Amino acid sequence: MKLNYKRTLLVGLAFLSISAFWQMYDGLIPKILTETFHINESLSGAIMALDNILALFLLPFFGALSDKTNTKLGRRTPFILGGTALAVILMNVLPFLDNSYAGKPSAFTFVLFVAVLGLLLISMGTYRSPAVALMPDVTPKPLRSKGNAVINLMGAVGGILYLALTAVMYPNSKTAGLAHVDYQPLFLAVSAIMLVAIAVLFITIREPKLSAENRALEAQHPEWNLARDDGSGNEVLPAPVKRSLMFLLASIAFWFAGYNGVTTWFTVYIGKVMGEGIGGASTCLLVGTAGAIVSYMPIGMLASRYGRRKMIRFGVILLTCCFLTGYLLTTVFDSINILMYIVFALVGLAWASINVNSLPMVVEMCRGSDVGKFTGYYYTASMTAQVITPVLAGTLLRTVGYHILFPYAAFFVACSFVTMLFVRHGDVKAEAKRGLDAFDVDD
């Protein structure tokens, strides 16, 4: 049994589209809120947490709803197409309102901006879980770490496309000293990336056929299913599996609290602490994303050989050390340097090691018909953390000082190591290949 890499890459186009959007959202919206609308960090953090508050309800709901959907396009595809189309329309209203407020400030424009932002976040929430659930739908359980490595690789490509566009279109030399920056061209460019990615996905992937083939394969391997019949024909998780699931979800919440704290506030942090503009901050994040990109496939293969839990623990330890080192480098030096680039590359490696293996561990514990629901559990855990962390981190930045950002992140990531010690299930390993066989790819 081996992963169909070509097909998985095409499935990953949905995640590429999503990641390009969220990279832009995390990078630009805090700057627009604080620099155009001039609101403080706590209120800005509260608005930034809005997507995560909505996600707490939307992602589990639409994940479970897509499990029960039955159309000619499949269970997930209708949500992906509709959500993307609506998001592309709404996201391009935001820079228009941003420019309008900069030219003539008014409370109405600000309220309208927040309202459109809320509608945009709802549209993104309708298809995120279905898009992520598509990979497990068409991938056998033992191969899902490798599959998730490919999906995350595609997501990283989406992020790196945005960061590269930002670095080219908005270098510090062009933005330094400007009272206001027009981000409309960047929003249009990201919209184009999203539309092209989803169009190719729709043309090349036949979800109903591929999902049916995977269900037939899994029916031949009942040992892959951790759920057990409760005697009345219903499948339930045994108590030890439920316990592992709870600790795994707690771990997910902890590491997202730390990581999202940095990604949400880094562009503002780097300006306050080191005097660097969005171009410099984007370059650091670009290096981190590049580090993740080159790590995803090796991490997926190592997880197949050594286990998902070991790779997650390795990533958690490395990420904690990187955040502590980031604190030292940004407070000791007054400009971005090569050491920071090295640290951010290692951040990418650490996050790849965590992210590649966490979702497969969650969906490993469910039946194939519940993949959307369990994907919703994964996002409930991650979004709960991300509801809290922008507000909490923003408040600490304002009251304690910006230097607290990296220690804050390191603390929460370190907590996830403790909870991962109690996770005992979800670590199914595919048979590892050796030599040239490791490079076999199905067409």
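**Exercise 1. Which residues of α3 are buried, and what covers them?**

Solution. Let's start with the list: Glu41, Ser42, Ser44, Gly45, Ile47 and Met48 are the buried residues of α3. Keep in mind that this is a predicted model.

Step 1: α3 runs over residues 41–48, and six of its eight residues are buried, so the helix is mostly covered.

Step 2: look for the cover. Among the elements that lie over the buried residues of α3 are α2, α4 (50–68), α7 (107–125), α13 and α17.

**Exercise 2. Work out how the chain is built and whether its radius of gyration agrees or disagrees with that of a compact globule.**

Step 1: get the dimensions. The C-alpha trace spans about 65 × 45 × 45 Å along its principal axes.

Step 2: compare with the globule rule. For 443 residues, a compact globule would have a radius of gyration near 22 Å; the chain comes out at 21 Å, so the two agree.

Step 3: Of the 443 residues, 56% are buried. Among contacts with a separation of 6 or more, 85% are between residues 24 or more positions apart.

**Exercise 3. Find the largest cavity and say what lines it.**

Solution. Step 1: search everything. The whole structure holds seven cavities of 30 Å³ or more, and the largest has a volume of about 850 Å³.

Step 1: go to its centre. The lining has 43 residues, and the closest to the centre are Ser19, Gln23, Tyr259, Trp351 and Asn355.

Step 2: trace the helices. Those supplying at least two lining residues each are α2, α4, α8 (128–137), α9 (144–169), α13, α14 (278–306), α16 (338–363) and α17.

Step 3: sort by class. The lining of this cavity divides into 24 nonpolar, 16 polar and three charged residues.

**Exercise 4. Now do the largest pocket: how much space lies in it, and which helix gives the largest share of its lining?**

Solution. Step 1: the volume. About 350 Å³ of space lies in the largest pocket.

Step 1: the residues. There are 20 in the lining, and Lys31, Glu35, Leu178, Val181 and Tyr183 are the closest to the pocket's centre.

Step 2: the helices. At least two lining residues each come from α2 (13–36), α10 (172–175) and α13 (239–274). With five residues, α2 gives the largest share.

Step 3: the classes. Eight nonpolar, eight polar and four charged residues make up this lining.

**Exercise 5. Describe the aromatic pair of Phe256 and Tyr378: what is its geometry, and are its members buried or exposed?**

Solution. Step 1: count the pairs. A search of the whole structure turns up 21 aromatic pairs.

Step 1: read the geometry. Phe256 and Tyr378 sit 6.4 Å apart, centre to centre, with 85° between the planes; that angle is over 60, so the pair counts as edge-to-face.

Step 2: apply the burial cut-off, under 20% relative accessible area. Phe256 is at 12%, so Phe256 counts as buried. Tyr378 is at 5%, so Tyr378 is buried too.

Step 3: widen the view. Ring pairs join Phe256, Tyr259, Trp351, Tyr378 and Tyr379 into a cluster.

Note on methods
Residues are numbered from 1 along each chain as its sequence is written. This is a predicted model: local features need pLDDT of at least 70, side-chain atom pairs count only at pLDDT 80 or more; totals for chains, interfaces and linings use all residues. Side-chain values use heavy atoms; hydrogens and water are left out. On a 1 Å grid over the protein atoms alone, a cavity is a set of points where a 1.4 Å probe fits but cannot get out, and a pocket is an open set with protein on both sides within 12 Å along at least five of seven lines; lining residues have an atom within 4 Å of a point. Grid points are joined across faces, edges and corners, and a volume is the space filled by probe spheres set on the points. Helices (H or I, at least four residues) and strands (E, at least two) are DSSP runs, numbered from the N terminus. Ala, Val, Leu, Ile, Met, Phe, Trp, Tyr, Cys and Pro count as nonpolar, Asp, Glu, Lys and Arg as charged, and the others, Gly among them, as polar. Rings of Phe, Tyr and Trp (its six-membered ring) pair if their centres lie within 6.5 Å; planes under 30 degrees apart count as stacked, over 60 as edge-to-face and the rest as tilted. Buried means under 20% relative accessible area, exposed over 50%, partly exposed in between (1.4 Å probe, protein chains only). The radius of gyration is taken over C-alpha atoms; the globule rule is 2.2 Å times the number of residues to the power 0.38. Contact means heavy atoms within 4.5 Å.
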